[in-house]
Amino acid sequence: MATMVDVARSAGVSVATVSHVLNDTRPVLPGTRLAVLSAIEELGYIPNTLARSLVTSRTRSIGLAVSAISNPYFTEILQGVEAGALEHGYSLLIADPHDDPEHELKVGRLLHERRVDGMIVAPSADPDALVAYLGRHAVPTVFLDRVVEAPSDDASLSDPAGPFDQVCAENVEPTAQLVTHLAGLGHRRIGLVAGLPGLSTTGERIAGYRHGLAAAGLPYDERLLAHGDSESAAAERATAALLSLAAPPTALVTANNAMTIGALRALRERGLSVPGDLALCCFDDFAWADLFEPRLTAIAQPSKEIGAEAVRLLLDRLAAPDRQARVLRLPCTFVHRTSCGCPDQPEKHTKGNVS
């Protein structure tokens with residue numbers, strides 16, 4: 001097995017220079033770097049990651065804490081994180097916090113104890129304990145998908161974003177776009193199956209729903225809003241409750257892909273058709289949305305881009321620990337299909353705005 005000494009001899013440089021190339025501990029001339037990398041490739045040298053971490057105090061690993069990894073949306077985020085990490089020579093340690101604050105804190109501690117260089121986290125509805133822990137231990141962290149604020153009782157985290165970078169999709173304007181589209185088709189009673197209370201995505205999509213109603217000149221009726229708690233079974237119950245109203249909605253917006261499935265189950269259970277009996281638009285596009293009958297009109301989130309941006313933000317933070325925290329919002333895409341009641345037509349994609 002080739003050693004670092006063999007690589008140095010083949011490249012005509014010192015062992016220290018090989019170490020600097022491998023560990024990025026000192027600038028190396030491009031020609032010299034290329035000679036070292038070529039020697040590594042030719043000799044099949046495999047660096048000792050453990051030894052490298054002792055030299056650099058870095059493990060070149062990232063902890064990823066994301067709930068519902070089986071959800072297609074988070075699966076695509078994972079693909080974006082993995083691609084970005086591998087591109088820069090980082091490995092991933094993945095854990096599922098189950099959207100439970102107590103388990104979330106336990107997961108954060110375990111990843112920290114594994115000496116990851118930083119973390120990427122999709123926070124729960126009540127992440128204060130985790131946020132305080134990460135801030136107290138100065139763990140470089142990027143929050144994705146859901147925006148968090150620093151715990152109010154922690155004076156060291158006076159910045160609303162704390163010391164943490166964040167990246168997520170735009171939520172308000174795209175949800176409003178679904179509502180105004182349905183209103184433009186003549187609907188006056190538009191319901192919303194909202195997500196888990198406490199999640200920033202839930203609050204922002206409710207705000208978008210109300211903004212869309214106002215833009216269309218429609219009153220807000222709290223009876224037309226039901227919480228599906230971001231999962232299928234609860235969304236099925238929420239949809240059933242909306243359909244049981246004396247004056248049920250004629251159109252429905254579902255606030256994530258799991259809740260869309262629950263809503264469709266509730267409609268099927270009652271023998272109702274989409275869009276004949278009720279028009280449907282959903283937040284979250286997914287791979288098979290255009291295979292449903294009817295094809296689902298949806299907001300598509302840039303999930304892979306969110307994952308890739310999270311890695312970029314984390315690497316920027318590792319390179320400059322003291323820089324100001326950033327919150328990035330990426331635009332969504334309106335995917336026009338037929339579940340809204342529009343006639344079948346070539347699929348249209350309309351990009352939203354970056355805020």
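1. A residue is called buried here when its relative accessible area is under 20%. The model under review is predicted, and the points below should be read with that in mind.

2. Strand β5 covers residues 165–169. Five of its five residues are buried, so the strand is largely enclosed by the rest of the structure. Which residues lie on each side of β5? D165, V167 and A169 are on one side, while Q166 and C168 are on the other, and both faces are covered.

3. β5 has strand partners to look at next. With β4 it pairs in the parallel sense, over three bridges; V142 has D165 of β5 as its bridge partner. Strand β11, residues 327–330, also runs parallel to β5, and four bridges join the two. In that pairing, R329 of β11 stands opposite C168.

4. Helix α7 spans residues 128–136, and its buried residues are L130, V131, A132, Y133 and L134. What covers these buried residues? The cover includes helix α6 (101–113) together with β3 (118–121) and β4 (141–144). Just past the end of α7, A138 has a positive phi of about 50 degrees.

5. The largest nonpolar core has 47 residues. Those that touch the most other members are I120, L144, V167, L182, I190, Y209 and I306. V167 is also one of the buried residues of β5 described above.

6. With neighbours within four places in sequence left aside, Y209 is in contact with T175, V179, I190, G191, L192, Y220, L224 and L225. Of these contacts, I190 is also listed among the core residues that touch the most other members. Another core lies apart from the largest one; it has 18 residues, including A235, L252, L278 and L280.

7. The largest pocket has a volume of about 310 Å³. How many residues line it? The lining has 24 residues, and N71, F74, R146, S230 and N256 lie nearest the centre of the pocket. Helices α5 (72–87), α9 (200–215) and α11 (257–269) each supply at least two residues of the lining. Sorted by class, the lining has eight nonpolar, nine polar and seven charged residues.

Technical notes:
Residues numbered from 1 in each chain as written. Predicted model: local features only at pLDDT ≥ 70, side-chain atom pairs only at ≥ 80, totals over all residues. Heavy atoms only, no water. Buried < 20%, exposed > 50% of the residue type's maximum accessible area, 1.4 Å probe, protein only. Contact = heavy atoms within 4.5 Å. Core = buried A, V, L, I, M, F, W, Y, C linked by side-chain atoms within 4.5 Å. 1 Å grid on protein atoms, 1.4 Å probe; cavity = no way out; pocket = protein on both sides within 12 Å on 5 of 7 lines; lining within 4 Å. Points joined across faces, edges and corners; volume = space filled by probe spheres on them. Nonpolar A, V, L, I, M, F, W, Y, C, P; charged D, E, K, R; others polar. Pairing = 2+ DSSP bridges.
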